Structures are given as C-alpha cells and as structure tokens.
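Hi,

Here is the structure I said I'd pass along.

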Amino acid sequence: MTGILPSYLCDRWWTPEEDPDAADVRDASTGDLITRVSSRGIHLAEALAHARTVGQHSLGALTFHQRALLLKQFALALTAHKEELAEMSKRAGSTARDSLSDVDGGIGVLFTYASKGRRELPNARVIVDGAAEPLSKDGSFLGRHLYSRLPGVAVQINAYNFPMWGALEKFAPAFLAGVPSIVKPATPTAYVAEAWVRVLVDAGLLPDGALQLVSGAVPDLFAHLRLGDLVGFTGSATTAATLRAQAAAGVRFTTETDSINASVLAPDAAPGTPEFDAYVKQLLVELTSKAGQKCTAIRRAIVPSSSVDAVVSALRDTIAARVVIGDPHADAVTMGPLVSLDQRDEVRRQIAVLRDAGGRVLIGSTDEPEVMRADGSVGPAPEGAFVQPVMLGFDDPRTPAVHEVEAFGPVASILGYETLDEAAELVNLGGGSLVTSVATGDPAVAAELLARIGAYNGRVLFVGRDNARTSTGHGAPVPHLVHGGPGRAGGGEELGGIRAVLHHMQRTAVQGSPDVLTAITGVWHAGAVSATGIHPFRKSLTELRLGDRFASPTRAVTLDDIETFAHFTGDTFYAHMDEAAASANRFFPGRVAHGYLLVSFAAGLFVDPDPGPVLANYGLENLRFVTPVSPDDEVRVTLTAQQITPRETDDYGEVRWDAVIHNQRDEIVATYEVLTLVAKEWVEGDGARVTT
Ligand code: NAP
C-alpha cells in the first residue's frame, strides 16, 4: 500500500501510524494512486507551541535584512529543484506553462520579498510608520507609530490549485515579519507542498521552528489559537464561512475565496483592433491555464452586444487551433485535466446550475473529450479528470446565477451590454472580485470605468495595444501589488507588497520623550541626546552613534554669491535677480538666495574633505525651504546622525543625516535628510583603505 505523506512538525518529519481512512490522492490524468494523506494523531497544540517559542525565538534574533537574505537563499535552493517540482506538478494536471505560475511564480515571490525587504525595510526588528508627531510645544513629548511582529504563529490554509505559489505568497511575508508559519496545503496537491518544504529542510537553511507543514487535517485548530496568532485562508467561500464562525476573538483571520471575475471589452475595442485580439487571447489563456482552476480566472466576459458573436467565433477558432487537452506529460498538451474526478464532477454540476438558470452552451460541451495521453496517443481517458473549455451565453445579462456561481474549471460566460454604465453595473453584480480586466485603447474609458468599478475589485488591469505584449495578464497577481478583493472575494487585501509584512505585525502608537523614541525606534529624534566632538564623517559605521553631530560655523551669503550662482547655473529666476519683481511677490522680502545655493553652501560647511569612511553621498530626502535668505544674511548647518543601517552583504552601510540650516536669527531656513554610504571599518594613513 502507498505510504502516508509525512508532515514536518517541531523541526522533524512525522508520519501518522497507518490510517485506513487516509485520503487517496491520484494522478489527475491516469487515476494512479500517488500518495495518501492523513494527520491522524497529530499533536497540533505541540506544533503551535513550538512555533510560538522556538520559532519566535529564532526569527526574533534576525533583522528584516537577515530574514530577507534567507528568503533569497530559499529561492535559490528551490530554483535548483525547479524541474523536478514542475515534473511532479504534472501529476496534479499542471502543464509546463501552468508550472510557470505555480513553481516559478512561487520562487519569484521569495525573490521579490528578499529584494523588497532589503530595499524598503530597515535593517532592524521594528518598522517606523509615518512621521513623528510633536505633542508638546517644547518638543519634549512626541508620538510615533511603530510596527512590531505578532507574538504568535501564522497558520496558512491553502487551496489546492497553487500548492507552491499560493503557500509561498503567505509564507514569505510572514517570515520577513519574523512570524513562524504552519502551512496546511489542500489534500489533492499536498505532495507538491511536501516536496518544496523538503527542499528547504534539506538545504538546512530554515531557522528552528520557522516553518512547519501539516499534511492533512488540522483538527480543533481554532480551539488552540489565541491573541497574537493569525490564520490566512485561501479556498472556497463555504469553507471560509465555516472557519470564520470558529475564529476566536483576537485571532486575525483573513480569507481569499472564490471570485466571479469579469473582463470587459470596451466599446472602442471593436473586431479588427489590437485590443480585440488581445481580449480574445486573454480569454483563451484564462479558460485554459490551470484548466481554469484559478481564483483569478475570467468567469464573466462582458462585451458590447454587437460584438458577442465576433468574440465567440474568434474564441472558438482560437481554441480549435491552439488547445490540446491531455496528460501534461505529453509535450504537445496545452491544457491539462482538473485536479481530481471529484473536481470534474463538481464543475459539471456547476455548469448544470448555470444552464438551468438560462445559460446556453456556445463553445464546448460537458461530454468527455478525446485527449492526448502521456505516450502521445489520442482517445478517451475515463480515469482522467478532463473537461473541455466551455463558454455559456445568457439572454439576460442580469441573471443572478451568472454573477454568483463559480464553476472552478475551464468555464466562462459571455454577457452583452449596451452602454458603459451597464458594463460597470454588470461587473459590480459579481459582489466583489479579485480582478477585473478591461481591453481598451481609450484612456478616458479606462478612467470612467475605474471610477465605477474600482471599489468592487482588488485589482483592475487595463490592456491596450501598447501593453498587450508586456502585460503580466489578467490572471496573474504580482507579489508587489494587492492580491485579494472585497465582498465575495473574501475581503482580503493584505497580500502583496510590504503591506503583507505589516499584516503580520501590530501597529502601536508610542508616546514619550525624544530619547525614549530614539531608543525604541533606532531613529534619532530631534531633541534627543546628541554629541559633538570628532567630526562624524571621520567615524566608521562601527564607531558612529545615533545623535553624533557636526555644527558648522556661519557663512555670509552675499549678493555677489547669488549672482555668481545664477549665472553659473543659468537659474536667473527673477526672485534672485530683480529686486522690484521679487518684492512684488508675497513670498519674498526682496531678492533672495537660491535654495540650492544654500544646500550647496551647507555641503561646503559640513564637508570633511580628506578621504575617510564616508564613501559617497547618494541623495537628499524631504528637502523643504522654510525661510528665505536675503543678501548679507548668514547661514550655518547642523548635521546629526539619524539612522545607521549596516548592509548585511557589503563592507559599508547607509547613514541618514538630519540636516537643518539656520540663519543668524536662529530661524530655520531649510530642513532635509542627507543620505550617505559609510564604510563599516576605516584605517587612517597608509593610503587609507576600507577594511571589512
Ligand atoms: P476548499 O475546499 O475550501 O479548501 C481550502 C483549504 O481549506 C484546504 O486546504 C482544505 O484542506 C482546508 N479545509 C477544509 N475544511 C477545513 C476545516 N474544517 N478546517 C481547516 N481547514 C479546512 O477549497 P479548494 O477546493 O482547495 O480550492 C478551490 C477554491 O478556492 C475555489 O473556490 C477558488 O475560487 C478558491 N481560491 C481562491 C483563491 C483566492 O486567492 N481568492 C485562490 C485559490 C483558490 P483539505 O483539502 O485537506 O480539506
């Protein structure tokens, strides 16, 4: 008898003792038994406790950048096993193209978070959110928002259709946030999830307790969860509703569920236009990739009534020319089976519901198709879960069933509309979707539609002649942007981008003195302790401390300086050159110095010219000119080390300096932040060289 698929719990592989009720998982094309799935006898409470103690501890020892670098190593380890993961996925019905979204897509998520984590997050353990809020006149009391990681465990329950990408899009942000994960894949494709987890375990890269895998059921899950834990669920709305009812107070519970996504052909995208062709191509891709088992697949094609026949005819021709249904082990196959016979029967049932509601089959049928077998022969394959692509038409585009029933397979409906208003109304009848796409070459149509459908969608994609080739496509969420949607799509918007990391953290408003906020955030706050002495540009990153400061002497700004700068740069704006015109401008007392002249003078005032640990200045941020400077005013600059970010993989890091220019009346003239790269170590003399 085929063995039971192991789980990975408490940093060990674990397999239940024999379970006669274990679920059989079969090859989607042939029906051959692949594995059996059961978690009978699992000690879930122990696994949760392991995550909350060991996992929290090991992840808490790392900064965001260190975790991000580990994500990159996970991605590289999985890349080395990409072919075998794709090969294994064929047994679940995935063609080579399908694996691009699941296997390569999952690896891509890890690479993206590895890169975003280092570019967009500090090399720290907390995240500062927004600017400091002054709460007292003398600056001694202020407040700031701060994110710290949740103290519990992230339980990730996934749908069967993307055993790798779907799991990794949740695991990556949880890991980056520092929250341990327990991944629970859906039974029909649990063996693919087991395979990628095994790659990471074998690579020896996982911090203890950071990742656990439950192959099979998670009995009494919610009875064991508590404040500080979170559950991310992807699957059907029915399962989501059952679980939501069990979620205890304090447990973050988010869902990504079924979605009756729409795709609109705009009135300008008539037959013969590149937009029309792009639209039909997209319909084909969405019907056939993953055999339509995608939460983002197009379920409703909303097209001008006058173009319905043209779309159906073009799609029918394209399907006939391009679609080869069969076992993905045969190279010529472009559309695989559904994941299981159960799923095939479920899709047939949902097609019947749509037909009972008035749907007419315009393309395809529910008859068993002739398919290509693994050896290239063609014929019936009753043990395989094959379904033909089906398109239904409805006389009444407002038929409720077409906006409510998800046939989770290669099934879509086409609905005609008369006006753009009606097109938007039909989109919104879906009750909230993950994605709507619009084929249009008219930006005004795009703007008008978005104003009406934006709030009903997690993502809206506009495809036109300019981006038909470069677009990532209707059905492909990208890790940079929101994946989720309102209403029946589950109400989630936490996946995608750094917001997904923040979802695993708690935002707290912290109030206190500048010194307290500096200590808590790792960012120097105005009013906190500062120290002058040796010029901070002579300190290496290792020697530099927050609050290290340079206060310059003053420098006079003469009319000659202003004129020289104006002629040298060509910036002869009247406010600098014409006393009468400048005086007539309410913002100036008369001729004033250029703001950029002042910033340049400030650089001349704070520079330490000899070679030293400061390797480069790579920019300014948040520059504001506050008070105009008139000829013969004096300026001085104060530079304070505000944030020190060592790079994990380089011998230097970033230092952000708080810069303030004052005039001779101690009024603030300009404020900004100077960004520099500073060597971690620096040896003076002997040609002065950077060491690591
Ligand atoms: P499902 O039957 O709802 O199962 C989803 C997950 O929930 C599976 O891992 C399943 O495990 C688990 N589960 C079921 N009952 C549970 C319980 N009582 N306690 C804890 N976990 C439980 O959905 P599916 O058939 O796998 O996936 C298809 C559906 O997912 C479609 O409706 C599709 O639209 C939706 N989907 C949505 C998105 C999205 O991002 N919005 C993405 C992909 C799919 P077992 O398999 O072991 O029962």
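Which strands do the buried residues of α16 pack against? Before I get to that, bear in mind that this is a predicted model.

Helix α16 covers residues 514-521, and its buried residues are Pro514, Leu517, Thr518 and Thr521. Looking down the helix axis, they sit within an arc of 105°, so they line one face of α16. As for the partners, the buried residues of α16 pack against β5 (127-134), β6 (142-149) and β21 (505-512).

α3 (residues 82-89) packs with α4 (residues 96-120) at an angle of about 145°, and their axes are 10 Å apart. Their crossing is right-handed. On the α3 side, Lys82, Leu85, Ala86 and Ser89 make the contact, while α4 brings in Ser99, Val103, Asp104 and Ile107. Sorted by class, that contact has four nonpolar, two polar and two charged residues.

Finally, the annotations. An unreviewed UniProt entry puts "domain: Aldehyde dehydrogenase" at residues 14-455. In the model, residues 14-455 are 40% helix and 19% strand, with the end C-alpha atoms 45 Å apart. The UniProt record, again unreviewed, also places "domain: MaoC-like" at residues 552-650. That span is 33% helix and 27% strand, and its end C-alpha atoms lie 31 Å apart.

Cheers

Key. Residues are numbered from 1 along each chain as its sequence is written. This is a predicted model: local features need pLDDT of at least 70, side-chain atom pairs count only at pLDDT 80 or more; totals for chains, interfaces and linings use all residues. Side-chain values use heavy atoms; hydrogens and water are left out. Axes are lines fitted to C-alpha atoms, for helices over the stretch in contact, and angles run from 0 to 180 degrees between N-to-C directions. Helices (H or I, at least four residues) and strands (E, at least two) are DSSP runs, numbered from the N terminus. A crossing is left-handed if the near helix is turned anticlockwise from the far one by less than a right angle, and right-handed if clockwise. Contact means heavy atoms within 4.5 Å. Ala, Val, Leu, Ile, Met, Phe, Trp, Tyr, Cys and Pro count as nonpolar, Asp, Glu, Lys and Arg as charged, and the others, Gly among them, as polar. UniProt positions are given in the numbering used here, feature names are shortened, and annotations may be inferred rather than shown by experiment. Buried means under 20% relative accessible area, exposed over 50%, partly exposed in between (1.4 Å probe, protein chains only). The arc is that of the directions from the helix axis to the C-beta atoms.
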